[in-house]
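Dear colleague,

I am handing over the structure we spoke about, and below it you will find my notes on what turned up in it. Please read them with the coordinates open.

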Amino acid sequence: MNRTTARTRLMSATVLAGLTWIAAMPAQAQDIYGQDAMEPDSRISSAPLDGRSDSALAPSATRLSDTLISDGTNSTQLTRSAEASRDITLPADMTGPATPEDAATVLADSMYLQDDSTLIASGGVVVWYQGARLVADRLVVDGQSGALTIEGPIHLSRPGSADPDEDAILIADSAQLDRELQDGIIRGARLMLNRELQLAASQATRSQNGRITRLDNVVTSACTVCAEDPVPLWSIRARSVTHDAETRLLHLEHPQLRVAGVPVAAVPFTITAPDPSVERQSGFLRPSFRTTSNLGFGIKLPYFRTLGDSADVTVTPYVSASRTRTLELRYRQAFARGEMEWNGAVTRDDIREDETRGYLFGAGRFDLPRGYTLGFQVQAASDRAYLLDYDVSDADRLWSGLTLERVTRDKLVFARVGNYHSLRDDEDNSTSPTQIGDALWINRFSPRLIGGEGALEWSVHAHRRPSDTDIDGRDVVRGSLGVDWRRSEILPGGVVAAALMGFDADIYHVAQDSNYEDLTARAEPMVGVELRWPLMGQSRNASHIVEPVAQILWSPNGDDDDIPNEDSRLIEFDEGNLFSADRFPGWDARETGLRANLGVSWTRIAPTGWSLGVTAGRVFRADADNQFPASSPLSGRRSDWLLSATYDSGTGLAIANRALFDDSFSTSRNELRIGWLREDLQVSAGHIWIASDEAEDRDTDTSELTAEIGWQIAPGWWGNAETRYDFAADSAQMAALDVTYRNECIAVEMGLSRRFTDSDSFEAETSFDLSVRLGGFGRQDEGFGTVARRSCMR
C-alpha cells in the first residue's frame with residue numbers, strides 16, 4: 001500500500017465571447033497522516049471515552065499490546081496514515097482551438113454586442129466554467145484589449161477550483177481584470193478562504209494568472225461579524241496580506257493581533273501562516289502552557305518541518321521558569337509498504353540535578369511478501385519518574401524488540417524477540433525475565449475421515465534472567481505441541497452434541513535453578529463431550545432465548561511441581577472461559593482431572609430494542625486437587641458460582657455486572673461497568689472488588705472505582721472529568737478535569753489533573769495545561785460537542 005502522496009495538477013481552457021481563458025489548479029500537498037499533522041503534540045485531550053464509538057460499556061482495560069501474547073507492557077501506537085491520492089496528469093498545452101467542452105456558460109438578464117467588439121452582460125450575471133463561478137451585476141468585455149470591467153457586488157471563485165464553495169472566494173465592489181479573469185485590480189475586496197477565514201481590504205491586486213492575491217490595509221478574522229456589533233472576538237490587522245493559491249500560504253506584513261478590538265501583540269516583520277485548507281505545512285505550531293507542582297510554569301513551542309510528502313519532524317523546546325530545559329523530538333515517515341514513528345526528549349532539570357534525563361520511544365510496521373508483517377518497538381527511559389513528570393506515559397514496564405506475524409483464513413504465524421525493562425521500585429531487572437523469545441504456529445484443518453474441525457499448534461518460548469545466581473537467575477526454554485478436535489451434531493429435539501479431543505505435549509529445559517531438573521517432558525491427552533439445548537420462545541412483548549450447557553472433560557491427573565510456573569499465576573474465571581478445557585492463561589500449568597462445566601444463559605429481547613442477558617455457571621471436579629491455589633474461585637471440588645448480567649437499552653445505556661460467590665454467598669470477586677453514550681453526555685464508570693490472595697501477591701482486598709464523564713456544559717463548552725479511587729486505601733489515585741470551548745474562530749483547551757500516588761522514585765503531582773488556537777489557520781479536526789456560533793439578528 002503506497003502511502004506516498006502524489007501531487008495533482010489540472011490544466012484547462014475555455015472560451016467566453018471569443019476570448020480564450022487559461023485556468024490552473026496548483027499542486028496540493030496532502031497529509032500522509034490522517035490526523036492533525038499541524039498539532040503533533042497536544043497534551044490536553046477533551047475527547048471523552050478515548051473517542052470510543054463502539055460499545056457503551058466502559059472503562060475497558062488499558063490496551064497493552066497488539067501482539068497475541070499479553071505481557072503487561074504498553075505498546076507505542078503508530079500514527080494513523082492516510083491513503084495516497086491518485087496521480088492525475090492532463091495535457092498542459094491547451095492553447096489549441098477551443099472545443100464545445102471548453103465553452104463557458106453565461107446567464108444574464110440581458111446581453112448584447114456593442115460596436116461589434118464589446119460584449120455587455122447585465123442583470124444577475126452568472127458565469128460557470130469547470131468549477132469556477134463568477135457572479136456580478138454587470139460584465140463588460142472589451143473585444144480589442146480583452147479587458148474585463150466587472151461591477152458588483154462580485155463573487156468570484158478561483159478559476160479551475162474543484163469546489164468553489166470550499167475554495168477561495170473573492171467578494172468585491174468592482175474589478176478590472178484581464179481576459180483570463182485572473183489578474184487585475186479589485187476594489188472593496190474581501191477574500192474568503194475555505195469558508196473560514198475572511199480578509200477585508202480597501203483594494204486587492206491579483207497577478208501571476210490568479211495565483212497571487214495581494215490585499216492592502218487588511219483586517220483578517222475567522223469570527224462572525226455582525227452589523228450591529230462589527231468588532232470581532234479577535235482580528236489581525238496588517239499593512240498587507242499576500243495569499244499564494246499554489247502553496248496555500250498567507251504572508252502577513254507587520255501583523256497586529258487584537259482581541260475585542262484591543263491590540264494585544266504585534267511584530268515588526270512579515271510572518272507566514274497556512275490557509276484553512278492546509279493539512280501539513282512547515283512552521284511553528286500553536287504554543288502550549290503547562291504548570292506542574294514539580295516543574296513549575298513552562299511553555300512549549302513546537303516547530304513542524306515537512307520532509308517531502310511522506311515524512312516530517314517536529315522539534316519542541318520546553319522551557320520552565322527555573323526547573324527544566326527540555327528538547328522534544330518527533331520523527332514520522334510513511335513508506336510504500338509501511339510506516340514508523342520516533343519520539344524522544346533530552347532534559348536537564350533541578351529535580352535530579354547534574355543528571356541528564358530523557359526517553360526514546362519508537363515503533364514501526366512493514367508489510368512483507370506473502371502477507372507477513374514485520375514490526376519493531378523501542379522503549380527506553382532514564383527513569384519512570386521522567387515519564388510521569390513530563391506526561392509521556394504511565395508505563396512501568398518497557399518492551400523493545402521485533403515481531404513477525406501472518407494471519408490467513410486457516411493459519412496463524414507469530415514470532416517475537418525482545419527485551420523487557422522494569423521501572424518498578426519493587427522489581428529487580430537482574431532477577432526478572434528480560435530477554436524473551438516466542439514463536440507460535442497454528443493451523444486449522446478439517447479431517448476427512450472423522451469430520452469436524454481441528455487445530456494444530458506449535459510454540460517455542462525462551463526467557464533469560466541476567467543474574468547468574470542459582471534460583472534467582474533461572475532461565476527457561478520450552479517447546480510445545482497441541483492438537484484440538486471438535487465435532488458437533490444436532491440430535492432429536494434440537495440438542496446439539498459435540499465430541500471433544502485434545503493432546504498437549506511440552507518439553508522444558510531449566511537452567512540455573514537447583515530446584516528443578518535440567519530437562520523435563522510432559523504429555524496430557526484430553527477427551528470430553530458437550531451438550532447444548534438452545535430454546536427460543538416468544539411472549540406477548542418479547543423474545544426469549546434459553547440455552548443450558550453441560551460439558552464433561554477428562555484428562556489424567558498431572559503434577560506440575562517439576563515445572564516452574566511463570567506464565568499461569570493470574571487466573572480469571574468468567575463467562576468467556578466457563579466452557580473452556582483449560583483456564584490457565586499460559587503453558588506452564590494445565591487443568592487436569594475429571595470435571596464438569598455446567599451453565600445456562602437467558603436472553604430477553606424486547607421489540608423496542610432493549611435487551612437483558614443473564615449467564616450462570618459452575619465447575620465441578622471429581623477430586624479436590626491442588627492445581628489451583630486454595631484462595632482461587634476455581635479451587636476445590638466445586639468452584640465459586642459465576643453469575644453475570646448485561647443490559648442494553650438500545651439507546652446508548654449499557655450495564656454489565658459479573659460476580660463470583662460461594663455457597664454461603666460470600667463474594668470473592670465482583671465487577672460492575674456502566675456506560676451511557678449520547679450526543680451531549682458520555683459516561684463511563686466501573687467498580688471492581690477482589691478478595692485478597694497471597695498466591696497472586698495481593699495482601700489486601702482490592703476495591704477500585706474508575707469513572708470518566710464527558711458532557712455538554714453549554715453551547716461550545718465541553719467538559720471531561722476522570723478519576724480513579726482506591727477504596728481499600730481510602731485515597732484517590734488520580735483525578736483530571738478538561739474543559740474545551742470552541743466557536744467558529746477560536747478553540748481554548750484547559751486541563752487540570754492530579755496524580756496522588758508517590759513512591760521513592762517519584763512524587764505526587766498537580767498539573768495545569770492551557771492551549772489556545774485561532775481558527776482559520778491550518779485545517780482543524782472536529783471535536784466533541786457543539787460549536788458556539790454567533791448569530792446576527794437584525
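The model, which is a predicted one, holds 15 aromatic pairs. One of them joins Phe289 and Phe297 in a stacked arrangement, with 6.2 Å from centre to centre and 15° between the planes; Phe289, at 29% relative accessibility, counts as partly exposed, and so does Phe297, at 46%. Phe366 and Phe376 also form a stacked pair, because their ring centres are 6.4 Å apart and their planes stand at 15°. Since Phe366 belongs to strand S24 (residues 356–367) and Phe376 to strand S25 (residues 373–381), this pair ties together parts that are ten residues apart in sequence. Phe366 is partly exposed at 21% relative accessibility, whereas Phe376, at 18%, falls under the 20% limit and therefore counts as buried.

Ring pairs also link Tyr318, Tyr359, Phe361, Tyr386 and Tyr390 into a cluster. Over the ring of Tyr318 sits the charged end of Lys300, 5.1 Å from the ring centre, and the side chain of Lys300 makes a polar contact of 3.1 Å with that of Glu328. Glu328 itself lies in strand S22 (residues 324–335) and, at 8% relative accessibility, counts as buried; its C-alpha is 10.0 Å from that of Leu360, a residue 32 positions away in sequence.

Strands S33 (residues 535–538) and S34 (residues 543–555) pair in the antiparallel sense over four bridges and form a hairpin with four residues between them, in which Gln538 stands opposite Ser543 of S34.

How values were computed. Residues are numbered from 1 along each chain as its sequence is written. This is a predicted model: local features need pLDDT of at least 70, side-chain atom pairs count only at pLDDT 80 or more; totals for chains, interfaces and linings use all residues. Side-chain values use heavy atoms; hydrogens and water are left out. Two strands pair if DSSP finds at least two bridges between them. Helices (H or I, at least four residues) and strands (E, at least two) are DSSP runs, numbered from the N terminus. Buried means under 20% relative accessible area, exposed over 50%, partly exposed in between (1.4 Å probe, protein chains only). A polar contact is a pair of N or O atoms within 3.5 Å; within protein, one must be able to donate a hydrogen and the other to accept it, and residues adjacent in sequence count only if both atoms are side-chain atoms. Rings of Phe, Tyr and Trp (its six-membered ring) pair if their centres lie within 6.5 Å; planes under 30 degrees apart count as stacked, over 60 as edge-to-face and the rest as tilted. A charge sits over a ring if NZ of Lys or CZ of Arg is within 6 Å of the ring centre and within 35 degrees of the ring normal.
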